[in-house]
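Notebook open, model on screen. I'm jotting down what I looked up, entry by entry.

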Amino acid sequence: MASEKPGSIEQANESGFSSVEESLLSMENLDRSSPELWPEKCMSDFINSFSPPHCSTKPPYSKVFTPEDTSHLHQLSALSTAALIAKVKDLHDIAYQLGVEESKEMTRGKYLNLFNKPRKVI
């Protein structure tokens, strides 16, 4: 008797669900082959962007040490571990102070409008 009432579950199953199933049906072909995500040209361009340029200039760390550089290296190698750590801390403090001074100068330049483009006078 429940199926005879309008709006019953059996009536919805017969009419509404079949049209919903048909509207959800997809005709797309799901090919399981692996797509080519990274084409060969893309990959070769990416790899070549990291390769060193073919020029004859030497990197700065490959220069020959001067006698002053060698002397400084010997002084640092003679330091104890605690003295070397203290030296590194001193260098860190100097770098921090330099950053603070640079920040002050940049702020000063900003207030003096040193970084604005000059206006063209016509």
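Which residue takes a positive phi just after α4? I found asparagine 113 there, at about 60 degrees.

**Ground rules.** This is a predicted model, where local features need pLDDT of at least 70, side-chain atom pairs count only at pLDDT 80 or more, and totals for chains, interfaces and linings use all residues. Residues are numbered from 1 along each chain as its sequence is written, and side-chain values use heavy atoms, leaving out hydrogens and water.

**Layout and confidence.** I counted four helices and zero strands, in the order α-α-α-α. Helices here are DSSP runs (H or I, at least four residues), as strands are (E, at least two), numbered from the N terminus. Mean pLDDT (the predictor's confidence in each residue, from 0 to 100) is 77 for the chain, and 66% of the residues score at least 70.

**Burial.** Buried residues are 2% of the 122 in the chain; buried means under 20% relative accessible area, exposed over 50%, partly exposed in between (1.4 Å probe, protein chains only). The chain exposes about 12,600 Å², with carbon and sulfur atoms supplying 61% of it (Shrake-Rupley method, 1.4 Å probe; for residues, only the protein chains shown count as cover).

**Helix α4.** I checked its length: the 31 residues (81-111) should span 45 Å at 1.5 Å a residue, and the end C-alpha atoms are 45 Å apart, so it agrees. The expected span uses 1.5 Å times one less than the number of residues. Leucine 84 sits in this helix and is partly exposed, at 37% relative accessibility. Leucine 84 touches Leu76 and Leu79, leaving aside residues up to four places away in sequence (contact: heavy atoms within 4.5 Å).

**Salt bridge.** There is one in the structure, between arginine 108 and glutamate 105 at 3.6 Å, N to O. The cut-off is a side-chain nitrogen of Lys or Arg within 4 Å of a carboxyl oxygen of Asp or Glu. Both residues lie in α4, three residues apart, about one turn. Glutamate 105 is partly exposed, at 47%.

**Nonpolar patch.** Met106, Leu112, Leu114 and Phe115 form one on the surface, about 450 Å² of accessible area together. Patch residues have over 30% relative accessible area and no salt bridge; like charges are joined within 9 Å, nonpolar side chains (Val, Leu, Ile, Met, Phe, Trp, Tyr) within 5 Å. Phenylalanine 115, in the segment after α4, is exposed at 52%.
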